[in-house]
Amino acid sequence: MTGRLVLGGAPLGQPGDVGPRLRQAMASADVLAVEDTRRLHRLAADLEVTLTGRVVTFHESVERARLPGLMAALADGATVLLLTDAGMPSVSDPGYTLVRAAIDAGVDVTSVPGPSAVVTALALSGLPVDRFCFEGFLPRKGGERRSRLTALAGERRTMVFFESPHRLADALADAAAAFGPAREAAVCRELTKTHEEVRRGPLSELAEWAADGVRGEITLVVAGASPEPVELSAAELAVLVAGEEAAGATRKDAIRAVVTRTGLSRRTVYDAVVAAKG
């Protein structure tokens, strides 16, 4: 009789975001495979959960080495809970190799869903979220990063990236060069934590802001490529802006949204609004 692999969604920053199901899973798991044992014990203390299972590390450098032992535990009928430092396992975090091995072995794989920096940043970005793609971490080396961004220049979906704070300024400058300085984006820093900050604006402005140095965990959201500019009269553009404002957007954000939707320049949309008011 095989056991069960449970993927647990860990809080991005606030332990209070964890629901009762994860508490129960942490308390009852036979084995807890975790990215960082110190974070696990800190989270357990914050949640007032007593851990009864065996704790093993499961981070990038030992992921494959841990597979045989974890698969043996699953084969013996154990419940294994997989937790990474934050968010869902496998999403730019350890987990895929274990999930794939468990599926191939016929082990039941389930989840206790939780927070995700990807969808949280998307929701906060103010950019279109009806279609999006997650690109993970950009390459560390400048040339490889620029090649990746150039290949994505025509991507129409909103794009989400993870980035190191030490490389953020260079990544934003490279994105501005590949996508155009006016492409809208949002830098989401320290999501759900005490110093949470979301900076929205054109890539060129965000690159200038980041040049002074940024700290914390970063999720970058970039608008997709606009379709070919549409032909709309000044009156039609003004109506679109008014619609965004009626939905609660500020004038600045309403104009930005119409720019993203139409592919027209900010000046064209702004002039249309001024003409309509006149």
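Colleague: What should I keep in mind about the numbering and the model before I start?

Modeller: Residues are counted from 1 along each chain as its sequence is written, and the model is predicted, so local features need pLDDT of at least 70 and side-chain atom pairs count only at pLDDT 80 or more, while totals for chains, interfaces and linings use all residues. Side-chain values use heavy atoms, with hydrogens and water left out.

Colleague: Which domains does the assignment give for the protein chain?

Modeller: Domain bounds come from an automatic or database domain assignment. Here it gives domain 1 (4-115), domain 2 (118-222) and domain 3 (234-276). The C-alpha centres of domain 2 and domain 3 lie 24 Å apart. Along the principal axes, the C-alpha atoms of the chain fill a box of roughly 75 × 40 × 35 Å.

Colleague: How many helices and strands are there?

Modeller: Both are DSSP runs numbered from the N terminus: helices are H or I with at least four residues, strands are E with at least two. This chain has 11 helices and 10 strands.

Colleague: What share of the residues is buried?

Modeller: Buried means under 20% relative accessible area, exposed means over 50%, and partly exposed is in between (1.4 Å probe, protein chains only). Of the 278 residues in the protein chain, 45% are buried.

Colleague: And how do I read contacts in the protein chain?

Modeller: A contact means heavy atoms within 4.5 Å. Among contacts between residues at least 6 apart in sequence, 72% join residues at least 24 apart.

Colleague: How many salt bridges does the structure hold?

Modeller: Side chains of opposite charge can pair when their charged atoms come close. The cut-off is a side-chain nitrogen of Lys or Arg within 4 Å of a carboxyl oxygen of Asp or Glu. The structure holds 16 of these.

Colleague: Where do D85 and R39 sit?

Modeller: D85 forms a salt bridge with R39, with the closest N and O atoms 3.9 Å apart. D85 is in the loop between β4 (79-83) and α4 (96-104), while R39 is in helix α2 (residues 37-47), so the pair links distant parts of the chain, 46 residues apart. D85 counts as partly exposed at 25% relative accessibility, and R39 is partly exposed too, at 36%.

Colleague: Which residue forms a salt bridge with D174?

Modeller: D174 pairs with R146, the closest N and O atoms being 3.6 Å apart. D174 lies in helix α7 (residues 168-179) and R146 in helix α6 (residues 142-151), so the pair ties together parts 28 residues apart in sequence. D174 counts as buried at 11% relative accessibility, whereas R146 is partly exposed at 43%.

Colleague: What about E184 and R266?

Modeller: Their closest N and O atoms are 2.8 Å apart in a salt bridge. E184 is in strand β8 (residues 184-189) and R266 in helix α11 (residues 266-277), 82 residues apart. E184 is buried, at 5% relative accessibility, and R266 is partly exposed, at 33%. Salt bridges that share partners join E184, D253, R256 and R266 into one network.

Colleague: Is T219 buried or exposed?

Modeller: T219 is in strand β10 (residues 218-222) and counts as buried, at 4% relative accessibility. Leaving aside neighbours within four places in sequence, its contacts include A117, V160, F162, A186 and L191. The C-alpha atoms of T219 and G136 are 9.3 Å apart, although these residues are separated by 83 residues along the chain.
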